[in-house]
Amino acid sequence: MGLFSNGREETVFRFKERSRGARFAVFALLLLATAALASGCSITEPVFAGAEDKVKATATTGMIADIVRHVGGERVATVGLMKPGVDPHLYKATKRDIDKLTEADVVFYNGLHLEGKMASILEKLAKKQPTVAVADGIDRSALLDWGDGTGQYDPHIWFDVRNWIRATEVVRDELIRLDGAHADVYRANAGAYLRELEALHEETKRKIASIPEAGRVLVTAHDAFGYFGAAYGIRVVGLQGISTASEAGLKDVSQLRDFLVENRIKAVFVESSVPKKTIQAVVDGAREQGHEVAIGGELFSDAMGPEGTPEGTYVGMVRHNVDTIVQALK
Ligand code: ZN
């Protein structure tokens with residue numbers, strides 16, 4: 001509303017001294033503007049209203065937005081696109097999301113085709129403004145192959161906490177590049193968060209190692225935990241493959257059922273951003289063959305929990321997953 005109020009009225013007064021025609025034209029304009037504001041449809045509030053003196057940052061996933069908030073602190077206004085429980089493989093940007101992306105000083109995204117349906121938008125954006133894939137900070141040798149012969153990498157990098165340490169450094173360095181006057185703030189903020197992540201990495205290693213070795217098998221709906229398994233020494237078996245874009249076929253369901261029965265696996269896990277029915281079909285199949293499999297609880301895979309809960313942060317989501325896995329398999 002502040003857009004037209006005082007400035008426009010002053011203009012009207014100044015025009016009073018001129019011809020009646022001009023006065024009428026200004027009056028008509030004012031009426032039109034008021035009508036547009038009242039209907040609320042043709043004038044949209046800027047995404048970063050009130051944050052003009054800050055660095056304006058937009059992040060795709062909640063996990064990345066969490067990094068930016070930690071490192072940016074008071075200096076950065078952070079907007080996240082994907083809400084809790086949202087599947088990034090299938091996410092399409094809305095009209096308002098385009099505003100959030102184009103009005104930002106910098107855009108942070110995961111990369112490695114995680115945001116599969118946003119590829120062309122991110123590509124166009126990169127030609128106009130700083131657009132940073134946090135995965136680019138991770139040495140290629142530390143990336144896992146997609147495993148389908150296409151030469152692409154598994155995009156679920158955040159479940160090896162060491163990768164998220166790299167991602168945090170990428171965000172820190174980019175904010176320093178954009179806003180060098182506050183480099184000390186970003187270094188201090190990042191330092192505190194990095195220490196938290198180092199501790200989380202050690203804690204995760206210790207907890208997973210407490211599961212007897214034969215029972216260290218993580219069965220879940222899609223292969224989001226490849227990095228987790230490699231980093232912390234737990235075998236990961238997925239049903240849907242790496243992207244949720246391909247529906248699980250019946251062949252996969254029966255293969256996984258046979259695997260559960262043969263290996264006497266005690267528990268399988270559901271994921272917050274993947275439909276439960278797929279994993280339920282496997283559990284039912286195993287029961288028909290006389291092997292009881294428990295659903296070990298819900299894991300956060302590609303999105304964090306609700307805002308304001310411990311799982312609504314990256315650290316909280318990893319800790320929730322680790323505790324859920326340890327409890328079901330120990
Ligand atoms: Zn995924």
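Let's start at arginine 75, which sits in the loop between helix H3 (62-72) and strand S2 (76-80). Keep in mind as you look around that this is a predicted model. Is arginine 75 buried or exposed? Its relative accessible area is 17%, and the cut-off for buried is under 20%, so arginine 75 counts as buried. Which residues does it touch, once you skip those up to four places away in sequence? The list is Asp53, Lys54, Val55, Asp179, His182, Val185 and Tyr186. With one of them, histidine 182, there is a polar contact: the two side chains come to 3.3 Å from each other.

Now step back for a moment and take in the whole protein. You'll find 11 helices and eight strands in it. The protein has 330 residues, and 45% of them count as buried. Take the contacts with a separation of 6 or more: 68% of these are between residues 24 or more positions apart.

Helix H3 is mostly covered, with eight of its 11 residues buried. Which ones are they? Look for Met63, Ile64, Ala65, Asp66, Ile67, Val68, Val71 and Gly72. As for what covers them, these buried residues pack against strand S1 (55-59), S2 and S3, and also against H6, helix H7 (183-209) and helix H11 (314-329). Here's a handy bit of background: an α-helix has 3.6 residues a turn, so residues three or four places apart point the same way. Just past the end of H3, glycine 73 takes a positive phi of about 50°.

The axes of H3 and H6 come within 10 Å and cross at roughly 55°. With that angle, the two helices are therefore oblique to each other, and their crossing is right-handed. On the H3 side, the contact is made by Met63, Ile64, Ile67, Val68, Val71 and Gly72, while H6 brings in Trp164, Ala167, Thr168, Val171, Arg172 and Leu175. Sort the residues of this contact by class and you get nine nonpolar, two polar and one charged.

H6 also meets H7. Their axes come within 10 Å too, but the crossing angle is roughly 175°. That makes H6 roughly antiparallel to H7. From H6, the residues in this contact are Val161, Arg162, Trp164, Ile165, Thr168, Glu169, Arg172, Leu175 and Ile176. Facing them from H7 are Ala183, Tyr186, Arg187, Ala190, Tyr193, Leu194, Leu197, Glu198, Leu200 and His201. By class, the contact of H6 with H7 has 12 nonpolar, two polar and five charged residues.

Next, let's visit some loops. Leucine 112 lies between strand S3 (106-109) and helix H5 (119-126). Its phi is positive, about 55°, although leucine 112 is not a glycine. Arginine 264, in the loop between helix H9 (250-263) and strand S7 (267-271), also has a positive phi, near 50°. Which of the two is buried, and which exposed? Leucine 112 has 15% relative accessibility, so it counts as buried. Arginine 264 has 52%, so it counts as exposed.

Another loop, between H5 and strand S4 (131-133), holds glutamine 129. Glutamine 129 is buried, at 13% relative accessibility. Beyond residues up to four places away in sequence, glutamine 129 touches Leu101, Thr102, Ala104 and Val107.

Our last stop is isoleucine 295, in strand S8 (residues 294-299). With a relative accessible area of 30%, isoleucine 295 is partly exposed. Leaving out residues up to four places away in sequence, isoleucine 295 touches Val268, Val270, Lys276, Ile279, Gln280 and Val283. Valine 283 is 12 residues away along the chain, and its C-alpha atom is 7.9 Å from that of isoleucine 295.

How values were computed. Residues numbered from 1 in each chain as written. Predicted model: local features only at pLDDT ≥ 70, side-chain atom pairs only at ≥ 80, totals over all residues. Heavy atoms only, no water. Helix = DSSP H or I, 4+ residues; strand = E, 2+ residues; numbered from the N terminus. Buried < 20%, exposed > 50% of the residue type's maximum accessible area, 1.4 Å probe, protein only. Polar contact = N/O pair within 3.5 Å; in protein donor to acceptor, adjacent residues only side chain to side chain. Contact = heavy atoms within 4.5 Å. Axes fitted to C-alpha atoms, helices over the stretch in contact; angles between N-to-C directions. Parallel < 35°, antiparallel > 145°, perpendicular 65-115°, else oblique. Left-handed = near helix turned anticlockwise from the far one by under 90°. Nonpolar A, V, L, I, M, F, W, Y, C, P; charged D, E, K, R; others polar.
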